[in-house]
Amino acid sequence: MLTLHAIRKQFGPTVAVDGLSLEVGAGEVFGLLGPNGAGKSTTIAIATGLLAPDSGGVDILGLGSPTARAVRAHLGLAPQEITLYGELTARENLMFFARLYRVRDARRRVDELLASVELDVRANDRVAAFSGGMKRRLNLAAALVHDPKVVLLDEPTAGVDPQSRARILELVRELAREGRTIVYTTHYMEEAARICDRVCIVDHGRMLDLGTVSGLIARHGGQTAVTVERDGSEERVLTTDPVGEVSRQLATGGVTGVRVERPDLETVFLSLTGRSLRE
Amino acid sequence: MRALIAIAQKDLRLLFRDKGDVFFTFVFPVILAVFFGFVFGGGGGASRIDLALVVESDTPMAAGMAADLTADPSFEVVRHDSRETAIAAVRVGKATAAVILPASMKEGVEGLFTGSGIPIQAIVDPSRKAEMGLIQGKLNELAFRQFPRLFADGEAMPRILARAREALPSMQGLTPTQRLTAGGLIMAGEAFSKSLAPSPAPAPGSTDAAPADPAVDAAAPAPAAAPATATTAWSPIAVTIEELPQTRVRPRSSFDVTFPQGTVWGLAGCIGAFAAGLVVERSRGTLARLHLAPIARWQLLGGKGLACFTVAMIVQVLLAAVAVVAFGSSIAQPAMLLVAFAASAVCFSGLAMLLAALCRTEAEANGAGRGAILILAMIGGGTIPLFFMPPFLRTISYGSPFRWAVTAIEGAFWRDLAVADQIVPILVLLGLGIGGFLLGARAVGRPLVR
């Protein structure tokens, strides 16, 4: 379990995180969404103890602050950047991190992870020669090498191909099924909707809302749009009962096409954070 | 044309925004030109030879010689109270030669025309053979320059000439013509000396204060052990040049000198690579990942330092091994050499940490950072041996850690310095290393910098 208690962090005049409180349970995939500069990465850095908050606190698994070494041993982080050594092979990278965490039977653990991210056949190749997707998968594997109970993934699918993305998302779900606490940040709304049990939308360091994807859509998504084509023209109707509306339209006759646009997480996101461009 | 200009403008803008490129394109060439200009004597800053001067003689000639040596633009003279300290200065490389104006100069002066010459000694650093000839020539020149004063000394000169006149009959190996000529010269000298001497009040019962008068001569300060020994060739000045006696070894070849200098570049490469590596780790986020591991900060930074230390040690040992195996160098003090290597490795590991803290980006580390290292290495004796540098550059070189490394390594490699003489450079290296490490670790040790 990961708990943030009213954390606040300011860089000069900029308030990066403004009194954010969260509680993420075991086996949960928790989505942290927000536009660029919303404070997601700062929140992750504070949650992992890499950055000290100006006020507030962090508790990991009820053991205390992640600044304590014993607590950090339970944390896994896959940062937004590819934090691997390009001149080392995939296996050497994972073995290095395994040694750092004093993983027992490190070789077996590394082999398992290489297989799970489907890099076992490239295990002895230098990371510098990997594609973006391969690097991302290995970056995730490096965060898991010590079998952490709390895993923080900062945009783990940024810039990867659909196959790598699919594999990473599968892995994240597997991790949650194993009972790990997962905090996941992303800009891909469909990804968050697909794997997150709960989502928190932040902007300007503040929490705008928190809930399940369906709950957020219900609260902020608005009505479903039903577009009906008839005699070469289109009619758009907003409704809370799209099935009933489509039935009604079909009953009137002359309908050549129907399109239903349900509100999704992106609608919610834009509704809460606005459409103005960010940094 | 517009496109062409746009591309050129863009490239120039890129060049000027990269501090490393700006440094190596515009600043570094100027520094190189100025440095070598000074080294080769440009700007009136010609290189001077450091002398450790010991004046044991109280003769006016010694005083005149000391003054002339000090004023000579070829020399940078430091007075010492004893031979021991002067020789120690040569041994540790602070002076090229120890020049001794011995007490026996007095006897030499007294027996100017009859003895084996006025003795002047110089003990030269054996690694500075090239300068021996210059030192010998200059000492002869300056000694001869004292003669007009000596001849004009109305007190000493008559006594010296009287002794010469006394000794002339017993001199062997002179042809009658030479004997006659010498006698004539002595008489002429006496006449000249009398003409210069202030008219003394005639002594009671005497008509002249003739120095030839045995009574007067006997009353003169004892010319002590200046026996009018017979000699076959007259040599008024006897400059003796000796190489500094080494207790065990001396440089067998120039490689003994150049290999310790080569370590400068090994250490420069080491500090550059590790500082840049640390900056890369920080900027690419791997350092943050390391901070997340359940290890203490000192373990993380210590691990980084240990890697740099190990490479620095390997580089130095490798260079020493090549010098010994391939070029026949012999190591005077192997144990002390290892201590010097270790101190240098500590120094440059700490400085790598400091440099990493000062450089924010990889470009800065690879450009300005490596440039600074190059300059420090040049000033510290990496390109030109310190003794070829003009005095002010040599003074500046004390600010370069490379100088201290060369001094410490040379001391154990071939200079065979006493341990006491090696303590200072080793302590300086350790101080710089520990200080640099602590300062650098404060910044590098911070998990995230925003």
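## Close-up views of a predicted two-chain model

**View 1. Two strands of chain B side by side.** β4(B) and β5(B) run parallel and are joined by seven bridges. One pair to look for here is Ile118(B), which stands opposite Ile237(B) in β5(B). Please keep in mind throughout that this is a predicted model. Strands of a sheet pair through backbone hydrogen bonds, either parallel or antiparallel.

View 2. Is β4(B) enclosed or open? Seven of its seven residues are buried, so β4(B) is largely enclosed by the rest of the structure. Follow the side chains along the strand: Ile118(B), Ile120(B), Ala122(B) and Val124(B) point one way. Pro119(B), Gln121(B) and Ile123(B) point the other way, and the residues of both groups are all buried.

**View 3. The whole sheet of chain B.** Stepping back from β4(B), we find an open sheet of five strands with mixed pairing, in the order β2-β1-β3-β4-β5 (chain B). Its edges are β2 (75–80) and β5 (237–243) of chain B, each of which pairs on one side only. On average, neighbouring strands of this sheet are turned by 25° against each other, direction ignored. Within the sheet, β1 (residues 49–55) and β3 (residues 97–101) of chain B pair in the parallel sense, over five bridges. Here Leu53(B) has Val99(B) in β3(B) as its bridge partner.

**View 4. Two helices that pack on the sheet.** Helix α3 (residues 60–71) of chain B packs on the sheet and touches β1, β2, β3 and β4 (118–124) of chain B. The direction of α3 makes about 160° with that of β1(B). Helix α4 (residues 83–91) of chain B also packs on the sheet, touching β1, β2, β3 and β4 of chain B. For α4, the angle is about 160° with the direction of β3(B).

View 5. Chain B holds 18 helices and five strands. Of its 450 residues, 42% count as buried. Among the contacts in chain B with a separation of 6 or more, 81% are between residues 24 or more positions apart. How many C-beta neighbours does Ile434(B) have inside 10 Å? There are 14, so Ile434(B) counts as partly exposed. Phe348(B) is 86 residues from Ile434(B) along the chain, yet their C-alpha atoms are separated by 9.6 Å.

**View 6. Where chain B touches chain A.** In this view, 14 residues of chain B are in contact with 17 residues of chain A. Which helix gives the most to the side of chain B that touches chain A? That is α12 (residues 286–292) of chain B, with five residues. The residues on this side of chain B divide into eight nonpolar, three polar and three charged.

**View 7. The nonpolar cores.** In soluble globular proteins, nonpolar side chains tend to be buried together. The largest nonpolar core of this model has 76 residues. Those with the most contacts inside it are Leu94(A), Leu138(A), Ala141(A), Val145(A) and Ile182(A). Helix α5 (residues 132–144) of chain A gives the most to this core, with seven residues. Leaving aside residues up to four places away in sequence, Ala141(A) touches Leu94(A), Leu113(A), Leu114(A) and Val117(A). A second, separate core has 63 residues, including Ala276(B), Ile331(B), Met336(B) and Met353(B).

**View 8. A helix of chain A with one buried face.** Chain A has ten helices and twelve strands, and 41% of its 279 residues count as buried. Here we look at α10 (residues 265–273) of chain A, whose buried residues are Leu265(A), Val268(A) and Phe269(A). Seen down the axis of α10(A), these fall within an arc of 100°, so they line one face of the helix. An α-helix has 3.6 residues a turn, so residues three or four places apart point the same way. The buried residues of α10(A) pack against β3 (29–33), α7 (189–195), β8 (198–203) and α8 (213–220) of chain A. Just after α10(A) comes Gly274(A), with a positive phi of about 85°.

Note on methods
Residues numbered from 1 in each chain as written. Chains lettered and ligands numbered in written order. Predicted model: local features only at pLDDT ≥ 70, side-chain atom pairs only at ≥ 80, totals over all residues. Pairing = 2+ DSSP bridges. Helix = DSSP H or I, 4+ residues; strand = E, 2+ residues; numbered from the N terminus. Axes fitted to C-alpha atoms, helices over the stretch in contact; angles between N-to-C directions. Contact = placed C-beta atoms within 7 Å. Buried ≥ 20, exposed ≤ 12 C-beta atoms within 10 Å, placed from the backbone. Nonpolar A, V, L, I, M, F, W, Y, C, P; charged D, E, K, R; others polar. Core = buried A, V, L, I, M, F, W, Y, C linked by C-beta atoms within 7 Å. Arc of directions from axis to C-beta.
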